[in-house]
Amino acid sequence: MAKTLNGNVTSVSMTGTATVEVSRRIPHKLYRKLLARSKKYKVAVNGIEVMQGDYVEIEETKPVSKDKYFKLTKVLTSAKEKKHA
């Protein structure tokens, strides 16, 4: 079963690749305060039109290149929809 994550597109400047930032909230080990943690992934776009600010779903795959081991599966919320709302 492949790992799926949701995140925001932060960059689309590379050809065939987008950078997606995945944020998560974890509790502190001692104090239990929720802390925000994030990680950026390089994602294979596979011909899907994305733009900066889109909220997307990505799925783990075999390595496409040195740093790219996720592929874009679908756009959950478009940045255009956010502007009009």
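Buried means under 20% relative accessible area, exposed means over 50%, and partly exposed lies in between, with a 1.4 Å probe and protein chains only. By that scale N46, at 54% relative accessibility, counts as exposed.

This is a predicted model, in which local features need pLDDT of at least 70, side-chain atom pairs count only at pLDDT 80 or more, and totals for chains, interfaces and linings use all residues. Residues are numbered from 1 along each chain as its sequence is written, and side-chain values use heavy atoms, leaving out hydrogens and water.

**Overall build**

- The protein has 1 helix and 5 strands. Both come from DSSP runs numbered from the N terminus: helices are H or I with at least four residues, strands are E with at least two.
- From the N terminus on, the order of elements is β-β-β-β-β-α.
- The C-alpha trace spans about 45 × 35 × 25 Å along its principal axes.
- Of the 85 residues in the protein, 26% are buried.

**Nonpolar core**

- The largest nonpolar core has 13 residues. Such a core is a set of buried Ala, Val, Leu, Ile, Met, Phe, Trp, Tyr and Cys residues joined through side-chain atoms within 4.5 Å.
- The residues with the most contacts inside this core are V20, Y41, V43, V56, I58 and L72.
- At least two core residues come from each of β1, β2 (17–27), β3 (34–44), β4 (55–60) and β5 (68–77).
- Strand β2 gives the most to this core, with 3 residues.

**Salt bridges**

- The structure holds 2 salt bridges. The criterion is a side-chain nitrogen of Lys or Arg within 4 Å of a carboxyl oxygen of Asp or Glu.
- One joins the side chains of D67 and K42, at 3.4 Å from N to O. D67 sits in the loop between β4 and β5 and K42 in strand β3, so this pair ties together parts that are 25 residues apart in sequence.
- D67 is partly exposed at 38% relative accessibility. K42 is also partly exposed, at 33%.
- The side chains of E59 and K71 form a salt bridge at 3.7 Å, N to O. This pair links distant parts of the chain, with E59 in strand β4 and K71 in strand β5, 12 residues apart.
- E59 is partly exposed, with a relative accessible area of 23%. K71, at 29%, counts as partly exposed too.

**Positive surface patch**

- K3, R24, R37 and K39 form a positive surface patch. Patch residues have over 30% relative accessible area and no salt bridge; like charges are joined within 9 Å, and nonpolar side chains (Val, Leu, Ile, Met, Phe, Trp, Tyr) within 5 Å.
- Lys and Arg count as positive and Asp and Glu as negative, while His and the chain ends are not counted.
- K3 lies in the segment before β1 (4–11). K3 is partly exposed, with a relative accessible area of 44%.

**Positive phi in loops**

- Most residues other than glycine have a negative phi.
- R32 has a positive phi, near 65°, and is not a glycine. R32 is placed in the loop between β2 and β3. At 56% relative accessibility, R32 counts as exposed.
- N46 is not a glycine either, yet its phi is positive at about 60°. N46 is found in the loop between β3 and β4.

Methods. Areas by Shrake-Rupley, 256 points an atom, 1.4 Å probe, with all protein chains shown as cover. Charge placed at Lys NZ, Arg CZ, Asp CG, Glu CD.
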